[in-house]
Amino acid sequence: MGIFSEAPIQMDSDDPPLQTSFEALLCNTQAFFETCTAAVQECELPVIDLGILSHGSPDEVRRCKRDIALAASEWGFFQVVNHRIGGDLLSRMISEQVKAFRQPFDKKSKESLSDFPIESYRWGTPTATSLHQFSWSEAYHVPLSETSRVRDTNSMLRTTMEEYSRVVSEIAWVLVEALVEDLGGDVSYFETNCTSKTCYLRLNRYPLCPISSGGVFGLTPHTDSDFMTVVYQDHVGGLQLKKDGRWVTVKPNPETLVVNIGDLFEAWSNGLYKSVEHCVVANPNTERFSIAYFFCPSYDSVIESCTKPPIYRKFSFREFREKVQEDVRKTGTKVGLRRFLA
């Protein structure tokens, strides 16, 4: 599909002003590069054909659902094909995303000028105290309950985001139902607590990084604080994940969606489904785009293991988020599920 490759010529690498604003952090990248890099093997994630769930025989459907659960437990990541996001919708979504990032930094970062609610726009890492905590990127992180606040005066931005979110939400639900079914769980919990208004869409841009020594993260190593994330990434590559204690690079495939398990699903599944640490490595030659859909519950939802004895104590999503934010403020790093061991 490779639609991102048709985007206009990339912007100046200092929009947003990452290099000038975080000069103190970036001045010693060579030392950081020498301590954090190692040979990283390229891998291909497990591939799930979602078309089987609609058109396969009963035996094929059962095997496909089992493959989803196995990928979630063995990798925490997998790819899906035949995902039903049509080329026209994807083209429009990508076009609107690129257009939003092509706006001058002053417009993106000011309430009176931005197309998005100003709190949605993020760039760099203001809380970073070391390069390990710094992300060379910009993003629009939009709660789907807030899409009505996206301005739509000159484009189809709002309606395209809403349409894309509806389709990717359907995909997420198919996967959630398969994972819940494999553990004999009750999908009504998710139907009650996870709605279109509790989820998020994040548009990401990773500008080219001119730091000559390399070793800069586009997105620092982390796990996702949700049930599941569904990502469309372009052809550039840069996504890495930890597999068996070693970092591996995910071979980019613009024909697929990348799915990963989040912290909440690991807690709910009592550790069977794995929330895996992952990152994005900055690219010195070209920019990279991706679109992430975060499948989240309401803040007051209580996360509790579906089997006993539990690895993690029960907690609310609000409590989890507040603890993550507190840890990041104090230490610059997310601790996550380790805070909630039973």
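Reader: Among contacts between residues at least 6 apart in sequence, what percentage join residues at least 24 apart?
Author: The share is 79%, where contact means heavy atoms within 4.5 Å. The model is a predicted one, in which local features need pLDDT of at least 70 and side-chain atom pairs count only at pLDDT 80 or more, while totals for chains, interfaces and linings use all residues. Residues are numbered from 1 along each chain as its sequence is written, and side-chain values use heavy atoms, with hydrogens and water left out.

Reader: How many helices and strands does the protein have?
Author: The protein has 11 helices and 15 strands. These are DSSP runs numbered from the N terminus, with helices being H or I of at least four residues and strands E of at least two.

Reader: And what part of the protein is buried?
Author: Of the 342 residues, 52% are buried. Buried means under 20% relative accessible area, exposed means over 50%, and partly exposed lies in between, with a 1.4 Å probe and protein chains only.

Reader: Let us turn to the sheets. In what order do the strands of the eight-stranded sheet come?
Author: The order is S2-S3-S11-S8-S13-S6-S5-S4, in an open sheet with mixed pairing. Two strands pair if DSSP finds at least two bridges between them. S2 (47-49) and S4 (121-123) stand at the edges with a single partner strand each, so one side of each has no neighbour in the sheet. On average, neighbouring strands here are turned by 25 degrees against each other, direction ignored. Such angles are taken between axes, which are lines fitted to C-alpha atoms (for helices over the stretch in contact), and run from 0 to 180 degrees between N-to-C directions.

Reader: How many bridges join S2 to S3?
Author: Three bridges join S2 to S3 (residues 77-81), and the two strands run parallel. Valine 47 is found opposite glutamine 79 in S3.

Reader: What about S13, is it buried or exposed?
Author: Eight of the eight residues of S13 (residues 288-295) are buried, so the strand is largely enclosed by the rest of the structure. Arg288, Ser290, Ala292 and Phe294 point one way, whereas Phe289, Ile291, Tyr293 and Phe295 point the other way. In a regular strand, side chains alternate between the two faces of the sheet.

Reader: Which strands pair with S13, and in which sense?
Author: S6 (residues 200-206) pairs with S13 in the antiparallel sense over seven bridges, and tyrosine 206 stands opposite arginine 288. S8 (residues 228-233) also runs antiparallel to S13, with six bridges.

Reader: Now the helices. At what angle do H5 and H8 cross?
Author: The axes of H5 (residues 58-74) and H8 (residues 157-182) cross at roughly 85 degrees and come within 9 Å. They are therefore roughly perpendicular; angles under 35 degrees count as roughly parallel, over 145 as roughly antiparallel, 65 to 115 as roughly perpendicular and the rest as oblique.

Reader: Which residues make that contact?
Author: H5 contributes Lys65, Arg66, Ile68, Ala69 and Ala72, and H8 contributes Leu175, Ala178, Leu179, Glu181 and Asp182. They divide into six nonpolar, no polar and four charged. Here Ala, Val, Leu, Ile, Met, Phe, Trp, Tyr, Cys and Pro count as nonpolar, Asp, Glu, Lys and Arg as charged, and the others, Gly among them, as polar.

Reader: One last point: where is serine 269?
Author: Serine 269 sits in the loop between H10 (263-268) and S12 (278-281). At 4% relative accessibility, serine 269 is buried. Beyond its neighbours within four places in sequence, serine 269 is in contact with Leu183 and Cys306.
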